[in-house]
Amino acid sequence: MVCPFVPSDHGDALGAARRVSAAGDHVTAMRCYDLALTSLPEPNHAPIHYQKAAAAFAIGDQAQVERSLRASLRLAPWFGDGYFELGNSLYSAARHAESMASYRAALRQRDIGDRPMVHNNLGNVLADSGDHKGAIAEYRRGLRLAPAFPYLYNGLANALSSAGRGADAVTAIQQALRVQPSAHYARFNLGNYLRDMKRISEAKVAYQLALRAQPAEPRYVTGMGQLLHQEGSARLPEAISRYRDAAHLLSSAGAARSAPLERDLAAALRDSRR
């Protein structure tokens, strides 16, 4: 569809872009944003590039997302949200060093919409890069600003666990559950930390609560299978059944097969033949 644009009205292309984007026609919105960029003077371009990036994201054009965000930031280098969204785009492409730099640039700006979330996402990329100490520090910076933000506690707990600090991870994830008792993902992570610490009965309760909230979540079903497997030969048939249930859930959802799950199932089958 061509952009419903009236050439005599320079502002109409931008208005049309917003209308068709709100209606879900992001491809047409991209054409309208391009027309707005050619119709309006350059001082107006930074927010147009930013909005075009959102439309590009909606249609899965990550290369255009990056181009539009960088164009916006060249014109408005003080715009913290632009650096934040660029960091998100780079992180999704596994360009971790660039993503970290962009998140840090966002944190240097005064104009930023959700500073705790920037700390959270920077913590995530640091953790994925193996810098657990740096991730822990970043999550804690975020929590000083937003002490009731469960994702920050969840990220902190994961980083503490990866750093070998299981008891501290349990404390952090329990805090996430205090501020958001319905956070089933935190229940699942609590189960993982407790299982790693051989606190099997407590881990089982955590997994059961996670599964009660989301019984068709393959990760939660797999976690229960791993716990049953860990309990020994008497529970192997149940563990194998759980692993197969998780594989079926993945297949039914059209998701890719999980190599770790297949390894767990193969190990359980080997153990059952001994």
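Leaving aside neighbours within four places in sequence, asparagine 189 is in contact with Asn154, Asn158 and Ile173. The model used in these exercises is a predicted one.

**Exercise 1.** Determine where asparagine 189 is placed, whether it is buried or exposed, and which side chain its own side chain meets in a polar contact.

*Solution.* Begin with the secondary structure, where asparagine 189 is assigned to helix H11. Next take the accessibility: a residue counts as buried under 20% relative accessible area, and asparagine 189, at 11% relative accessibility, is therefore buried. Finally, turn to the polar atoms, where the side chain of asparagine 189 makes a polar contact with the side chain of asparagine 154 at 2.7 Å.

**Exercise 2.** Describe how helix H9 and H11 are arranged, and list the residues through which they meet.

*Solution.* Two packed helices are described by the angle between their axes and the distance between the axes. For helix H9, which spans residues 150-162, the axis comes within 11 Å of that of H11, and the two cross at roughly 15°. Angles under 35 degrees count as roughly parallel, so H9 is roughly parallel to H11. The handedness is a separate step, and H9 passes H11 in a left-handed crossing. On the H9 side the contact involves Pro150, Tyr151, Asn154, Ala157, Asn158 and Ser161, while H11 contributes Tyr185, Ala186, Asn189 and Tyr193. Sorted by class, the residues of this contact between H9 and H11 divide into six nonpolar, four polar and no charged.

**Exercise 3.** Carry out the corresponding analysis for helix H10 and helix H11.

*Solution.* The axes of H10 (residues 166-179) and H11 (residues 184-196) come within 10 Å and cross at roughly 165°. Since angles over 145 degrees count as roughly antiparallel, H10 and H11 are therefore roughly antiparallel to each other. The crossing of H10 and H11 is left-handed. From H10 the residues in contact are Ala169, Val170, Ile173, Gln174, Ala176 and Leu177, and they meet Ala186, Arg187, Asn189, Leu190, Tyr193 and Leu194 of H11. In terms of class, this contact of H10 with H11 has nine nonpolar, two polar and one charged residues.

**Exercise 4.** Characterise leucine 177 by its helix, its burial and its contacts with residues beyond four places in sequence.

*Solution.* Leucine 177 is located in helix H10, and its relative accessibility of 8% means that leucine 177 counts as buried. When residues up to four places away in sequence are not counted, leucine 177 touches Ala183, Ala186, Arg187 and Leu190.

Methods
Residues are numbered from 1 along each chain as its sequence is written. This is a predicted model: local features need pLDDT of at least 70, side-chain atom pairs count only at pLDDT 80 or more; totals for chains, interfaces and linings use all residues. Side-chain values use heavy atoms; hydrogens and water are left out. Axes are lines fitted to C-alpha atoms, for helices over the stretch in contact, and angles run from 0 to 180 degrees between N-to-C directions. Angles under 35 degrees count as roughly parallel, over 145 as roughly antiparallel, 65 to 115 as roughly perpendicular and the rest as oblique. A crossing is left-handed if the near helix is turned anticlockwise from the far one by less than a right angle, and right-handed if clockwise. Contact means heavy atoms within 4.5 Å. Ala, Val, Leu, Ile, Met, Phe, Trp, Tyr, Cys and Pro count as nonpolar, Asp, Glu, Lys and Arg as charged, and the others, Gly among them, as polar. Buried means under 20% relative accessible area, exposed over 50%, partly exposed in between (1.4 Å probe, protein chains only). A polar contact is a pair of N or O atoms within 3.5 Å; within protein, one must be able to donate a hydrogen and the other to accept it, and residues adjacent in sequence count only if both atoms are side-chain atoms.
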